[in-house]
Amino acid sequence: MDANRGLTAMVDMTSVLPEKTRIPAPRQRRGLNGMRQTIWDILLSVAQPVSAYWLIDQLRTRGKSVAPPTVYRALSFLQSARMVHRVESLNAFIACTRPEHPHHGQFLICTECGQTEEISEEIVTELVAATAATRGFVPTVQIIELNGTCRNCVLESDKELNAGAGSP
Ligand SMILES: [Zn+2]
Ligand SMILES: [Zn+2]
């Protein structure tokens, strides 16, 4: 399976970008200047991981031509404000679903359709940190990303299997 397939699939969502769907936590809105705000709005509306270059393309279609460092700086601010997570295995960025609670994001990434869900279970974070601590390890970053097949894709492939079994 092509590891980049999911990300490519997500780029196809350009045509179905919904309008702004969620309202960001008010506390973190301080420091949201034009570019940060625009990128935050885009990330909120896609609600899926997208690459910095995908963002640059989006900005261009909105008539804003920006250099990559500008976008990376804005992303870096949004990450430090805990509004955005970087999904390491996809080299992509996603709006946090709970920006009001500091946490390590944990992600379920579908390699079939690219659908990515943030779970952020505190018990998982604590268990991993505690396990590291028993080995005297002091973690600075915790990244948990699961690649697999989402519920929809599992259902789809079941349907295909059943359809195949029914045909002569
Ligand atoms: Zn989060
Ligand atoms: Zn899927």
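This is a predicted model: local features need pLDDT of at least 70, side-chain atom pairs count only at pLDDT 80 or more; totals for chains, interfaces and linings use all residues.
**Stop 1: Cys 153**

Which residues is Cys 153 in contact with, once neighbours within four places in sequence are left aside? They are Cys 110, Glu 112 and Cys 113. Now colour helix H6, residues 151-166, and you will see that Cys 153 sits in this helix.

Next, draw a distance from Cys 153 to Glu 112. Their C-alpha atoms are 6.8 Å apart, while 41 residues separate them in sequence.

**Stop 2: Cys 113**

Move to Cys 113. Select the loop between S3 and strand S4 (116-118), and there is Cys 113. Cys 113 has 16 other C-beta atoms within 10 Å, so Cys 113 is partly exposed.

**Stop 3: the whole chain**

Zoom out and switch to a cartoon view. How many helices and strands does the protein chain have? Its secondary structure comes to 6 helices and 5 strands. Trace the chain along its sequence and read off the pattern α-α-α-α-β-β-β-β-α-β-α. The protein chain has 168 residues, and buried residues make up 23% of them.

Contacts tell you about the fold too. Take those in the protein chain between residues at least 6 apart in sequence: 59% of them join residues at least 24 apart.

**Stop 4: the loop between H2 and H3**

Select Gln 48, which lies in the loop between H2 and H3. Is Gln 48 buried or exposed? Gln 48 is buried, because 21 other C-beta atoms are within 10 Å. The C-alpha atoms of Gln 48 and Gly 114 are 8.2 Å from each other, yet the two are 66 residues apart along the chain.

Click Ala 47, also placed in the loop between H2 and H3. Check its backbone: phi of Ala 47 is near 55 degrees, a positive value in a residue other than glycine. Ala 47 has 18 C-beta neighbours inside 10 Å, so Ala 47 counts as partly exposed.

**Stop 5: H3 against H4**

Show helix H3 (residues 52-61) with helix H4 (residues 68-80). They pack at an angle of about 110 degrees, and their axes are 10 Å apart. H3 and H4 are therefore roughly perpendicular to each other. Turn the view to see H3 pass H4 in a right-handed crossing.

Which residues meet here? From H3, select Ala 52, Leu 55 and Ile 56. From H4, select Pro 68, Val 71, Tyr 72 and Leu 75. By class, this contact has 7 nonpolar residues, no polar ones and no charged ones.

**Stop 6: H2 against H4**

What is the angle between H2 and H4? It is about 75 degrees, with the axes 9 Å apart. That makes H2 roughly perpendicular to H4. On the H2 side, select Met 35, Arg 36, Ile 39 and Trp 40. On the H4 side, pick Thr 70, Val 71, Ala 74, Leu 75, Phe 77 and Leu 78. By class, the contact of H2 with H4 has 8 nonpolar, 1 polar and 1 charged residues.

**Stop 7: the core**

Now select Ile 39, Leu 43, Leu 78 and Val 84. Of the 23 residues in the largest nonpolar core, these four touch the most other members. Which elements each supply at least two residues of this core? They are helix H2 (34-46), H4, strand S1 (84-87), strand S2 (92-95) and strand S3 (106-110).

Centre on Leu 78. Not counting residues up to four places away in sequence, Leu 78 touches Arg 36, Ile 39, Trp 40, Met 83 and Val 84.

**Last stop: Arg 82**

Follow the chain out of H4. Arg 82 lies in the loop between H4 and S1. Its phi is positive, about 60 degrees, although Arg 82 is not a glycine. Arg 82 has 18 C-beta neighbours inside 10 Å, so Arg 82 counts as partly exposed.

Technical notes
Residues are numbered from 1 along each chain as its sequence is written. Chains are lettered from A and ligands numbered from 1 in the order in which they are written. Axes are lines fitted to C-alpha atoms, for helices over the stretch in contact, and angles run from 0 to 180 degrees between N-to-C directions. Helices (H or I, at least four residues) and strands (E, at least two) are DSSP runs, numbered from the N terminus. Angles under 35 degrees count as roughly parallel, over 145 as roughly antiparallel, 65 to 115 as roughly perpendicular and the rest as oblique. A crossing is left-handed if the near helix is turned anticlockwise from the far one by less than a right angle, and right-handed if clockwise. Two residues are in contact if their C-beta atoms, placed from the backbone, lie within 7 Å. Ala, Val, Leu, Ile, Met, Phe, Trp, Tyr, Cys and Pro count as nonpolar, Asp, Glu, Lys and Arg as charged, and the others, Gly among them, as polar. A nonpolar core is a set of buried Ala, Val, Leu, Ile, Met, Phe, Trp, Tyr and Cys residues joined through C-beta atoms within 7 Å. A residue is buried if 20 or more other C-beta atoms lie within 10 Å of its own, exposed if 12 or fewer, and partly exposed in between; C-beta atoms are placed from the backbone.
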